[in-house]
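Subject: Structure handover

Hello,

Here is the structure for your files. My notes on it follow below.

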Amino acid sequence: MNHLIIFPIVLPAIVAPLIAMAMRHDIVLARVFSVAATALLLMLGIALLGAADGGAIHTYTLGNWPAPFGIVLVLDRLSALMLVLTAALSLVVLLYAINGWDTRGRHFHALFQFQLMGINGAFLTGDFFNLFVFFEVLLIASYGMMLHGGGKERVKAGVQYVIINLAGSTLFLIAVGLIYSVTGTLNMAHLATKVPLVAADDQALLKTGAVLLLLVFSVKAALVPVHFWLPGTYANAPAPVAALFAIMTKVGAYCIIRLYTLAFGDGAGDAAWLAAPWLMPAALLTLLLGMMGVLAARALGQMVSFAVIGSMGTLLIAVALFTPQAMSAALYYLIHSTLTAGALFLIVDLVTDRRPGQGDAITVAPPFAQASLVGGLFFLGAIAMAGMPPLSGFIGKLLILDSARTALNAGWIWALVLGTSLLAIVGFSRGGSTLFWKSSAQAGSFEPFPPVRPALPIVAAGLLLAGSVALTVFAGPVGLYLDATAAQLFAPSGYVDAVLGAEGGNE
Amino acid sequence: MEFLVASAVGLLTAAGVYLLLRARTYPVVLGLALLSYAVNVFLFSMGRLTVNLPPVIGDAGNGYTDPLPQALVLTAIVISFGMTALIVVMALRSYLESGTDHVSIEPVDGAEGESRP
C-alpha cells in the first residue's frame with residue numbers, strides 16, 4: 001500500500017487548522033506555511049503522477065478494511081493528473097493572493113487549504129458517499145472563500161451560490177439513495193459489478209438515480225440549464241478565488257467522466273452509456289449560450305465567466321462522445337481551459353485594480369498604469385480562450401473536432417464549435433480593444449492606486465499563460481499520457497480488479 | 001407504513017420546492033430545511049423499512065435492518081444542520097447590506113423588494 005496516496009488529503013487537513021488556530025494573527029507565517037504546503041502538494045502530485053504513469057491502479061484502504069466494506073482511495077492516471085493540475089493552479093493563485101488579497105478578510109489561507117483538501121479528496125475517493133462528503137468540504141470552504149472581503153454584491157451572489165449548491169447536495173443524496181436502494185453498494189468499483197445485475201423491475205430506479213447524479217454533476221460543471229449560478233458567482237468572487245474556482249467546474253466534469261465510464265459504460269447492460277443522450281445536447285447548448293454571453297457581457301469579469309461556461313460546453317461535448325480518442329481530447333482541453341480561465345480571472349483583477357471607479361466595466365476611460373503589459377497578457381489569454389493558433393486552445397479544439405469526425409451528430413458539433421469560436425473572438429476583441437486600445441487615445445489618466453506596483457501578481461498571471469504555452473509545446477508527450485489515461489478509463493475492469501481484488505468481480 | 005413514509009417524503013419535498021421557488025431568503029431557508037428532512041427520511045427508507053429488527057445479522061436469522069442508510073442519514077443531518085446555520089447568517093448579512101431579501105442578483109424593478117426600515 002502506497003501511503004503517499006492519502007497525503008494530498010491529510011496535508012491540507014493538518015495545515016488548515018494549524019493556520020486557523022496558531023497563525024491567526026501572523027499573516028506572514030500563514031503565507032509561508034500556506035505556500036510551502038501547496039508547493040509540497042505539487043511535488044506530491046508529481047510523485048503520484050509518476051506512480052500512476054506505470055499503468056497500475058493504486059488503492060489505499062483506510063484502516064485496512066477491504067473494499068467494498070471500508071473506505072477506499074483510488075489513484076489512477078486521471079486522478080493523478082487532476083491532482084497535479086489542482087496543485088499547480090492553486091500554487092500560482094496563492095502567489096497572486098499573498099500580494100494583498102489575503103488580508104482583505106480573515107482566514108483566507110485556512111479556507112484555501114480546506115478547499116484543496118476537498119478537491120483532492122473528490123479526485124481520489126473511490127466511494128460515492130465520500131464523494132458527497134468531500135463535495136461538502138470543498139463547498140463549505142468555497143462559501144467562505146467566495147465571501148472573502150465582503151461587500152454588498154458579493155454577499156448577495158454568495159447567498160445565491162450557497163442556495164443552489166444546497167439544493168444540489170439534496171439532489172446528490174436522493175440520487176445516492178436511489179442507487180444504493182437497488183444495488184446495495186456505495187463503492188464505485190463494486191457498483192460497476194452490480195449495475196449489470198440489477199433486475200428489470202429496478203432498472204427505472206437505477207436510471208433515475210444515475211440521471212439525477214448527472215444533473216448534480218452538471219450543476220457543478222455549470223451545464224445548461226443549471227449554469228445560471230456561475231456568472232454571478234465568478235464575476236463577484238474575489239479574483240484569486242474565481243481563478244481557483246476554475247478547477248471547481250472541472251470537479252463536476254471529472255465526476256461525470258469517472259462515473260459514466262466506470263459504472264455505466266459498455267458492461268452496464270441495460271443502463272449502458274445512459275449519460276450520452278442527455279449530455280450531448282446540454283453541452284452543445286452550453287457552448288452556444290456561453291459564447292453568446294461573451295459577446296453580450298458588459299464587464300470583463302462577466303465575459304470571462306461566460307467564456308468558462310462556453311469552455312465547459314466544449315469540454316463536455318468531447319466527453320459526451322464517449323470514445324477513447326474524444327476523451328483524450330477532452331482531457332487536453334480540460335487542462336487548457338483550467339489554466340486559461342485562471343489566468344484570465346487574474347488579468348481581470350489586474351485591470352480592476354488599475355481603474356478605480358471604473359473597475360472591469362468595458363468602457364472607454366483614460367489609460368491606466370501598465371496598460372500595454374496588462375493588455376498584452378489579456379491578448380494572449382483571449383487567444384488561448386477563443387481557441388486561435390498558436391496557443392493550447394487551438395490544439396484542444398482541433399483534437400475535439402478531429403475526434404468528432406465520425407460521430408452521429410458531427411455536423412452540429414463542427415458547426416457549433418467553429419461558429420462559437422468566431423463569437424468568442426468577436427467578443428474578446430471588442431472587450432480588449434475598448435479597454436486597452438481606444439482607452440489609450442483618451443486624455444488624462446487614473447491616479448496610481450496603490451502607488452507602488454508589485455511584480456508578483458503579473459508574474460502569477462504570466463505563469464498560468466506560460467502553462468498554456470508549455471501545454472502547446474509539449475502537446476506530444478501530454479497527448480501520449482492522455483491517450484493512456486483514456487485507454488485506462490475505457491477498460492473499467494482494471495479499476496474494478498484493483499479495488500476489489502482480481503476475484504472480487506464475481507464474488 | 002410504506003404509504004405513510006412515501007407520502008411524508010412527497011409532501012415535504014413538494015413544500016420544500018414550493019418555498020425554494022419563492023426566491024426570498026426566509027422561505028428559501030425554510031424550503032431547504034424541509035428538503036433536507038425529506039431527504040433524510042428518504043435515505044432512511046432506502047435500506048428497506050423494517051420494524052423491531054437489530055442492525056446486525058444475528059444467529060436467529062430473522063432478518064436485520066440495514067445500518068448503512070442510518071449512518072448516511074446521520075452524516076447528512078450534521079451537514080444540513082451546519083449549512084442551515086450558515087445560510088441563515090448569510091441571508092441576514094445580505095439583507096442588512098443590500099436592504100432586500102430577494103435571492104436574485106439582478107436589481108429588481110418596482111416596489112417588490114422590502115426595503116430596510
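At what angle do the axes of helix H3 (residues 77-97) of chain A and helix H18 (residues 456-473) of chain A cross? They cross at roughly 160° and come within 8 Å. Some ground rules before the rest. This is a predicted model, in which local features need pLDDT of at least 70, side-chain atom pairs count only at pLDDT 80 or more, and totals for chains, interfaces and linings use all residues. Residues are numbered from 1 along each chain as its sequence is written, while chains are lettered from A and ligands numbered from 1 in the order in which they are written.

Helix pairs

Helices are DSSP runs (H or I, at least four residues), numbered from the N terminus. Axes are lines fitted to C-alpha atoms over the stretch in contact, with angles from 0 to 180 degrees between N-to-C directions. H3(A) and H18(A) are therefore roughly antiparallel (angles over 145 degrees). On the H3(A) side the contact (C-beta atoms, placed from the backbone, within 7 Å) involves Ala88(A), Val92(A), Leu95(A) and Tyr96(A). H18(A) contributes residues including Leu456(A), Pro457(A) and Leu463(A). By class, this contact has nine nonpolar residues (Ala, Val, Leu, Ile, Met, Phe, Trp, Tyr, Cys and Pro), one polar (the others, Gly among them) and no charged (Asp, Glu, Lys and Arg).

Helix H8 (residues 203-221) and helix H11 (residues 248-262) of chain A pack at about 155°, with axes 7 Å apart. H8(A) and H11(A) are therefore roughly antiparallel to each other, and their crossing is left-handed. Among the residues that meet are Phe217(A) and Lys220(A) in H8(A) and Cys255(A) and Ile256(A) in H11(A). The residues of this contact divide into 10 nonpolar, three polar and one charged.

Core

The largest nonpolar core has 227 residues. Such a core is a set of buried Ala, Val, Leu, Ile, Met, Phe, Trp, Tyr and Cys residues joined through C-beta atoms within 7 Å; buried means 20 or more other C-beta atoms within 10 Å of a residue's own. Ile256(A) and Ile347(A) are among those with the most contacts inside this core. Helix H14 (residues 324-354) of chain A gives the largest share, 19 residues.

Chain contact

In chain A, 22 residues are in contact with 25 residues of chain B. H6(A) gives the most to the chain A side, with 17 residues. That side has 13 nonpolar, six polar and three charged residues.

Regards

Key: Buried ≥ 20, exposed ≤ 12 C-beta atoms within 10 Å, placed from the backbone. Helix = DSSP H or I, 4+ residues; strand = E, 2+ residues; numbered from the N terminus. Contact = placed C-beta atoms within 7 Å. Parallel < 35°, antiparallel > 145°, perpendicular 65-115°, else oblique. Left-handed = near helix turned anticlockwise from the far one by under 90°.
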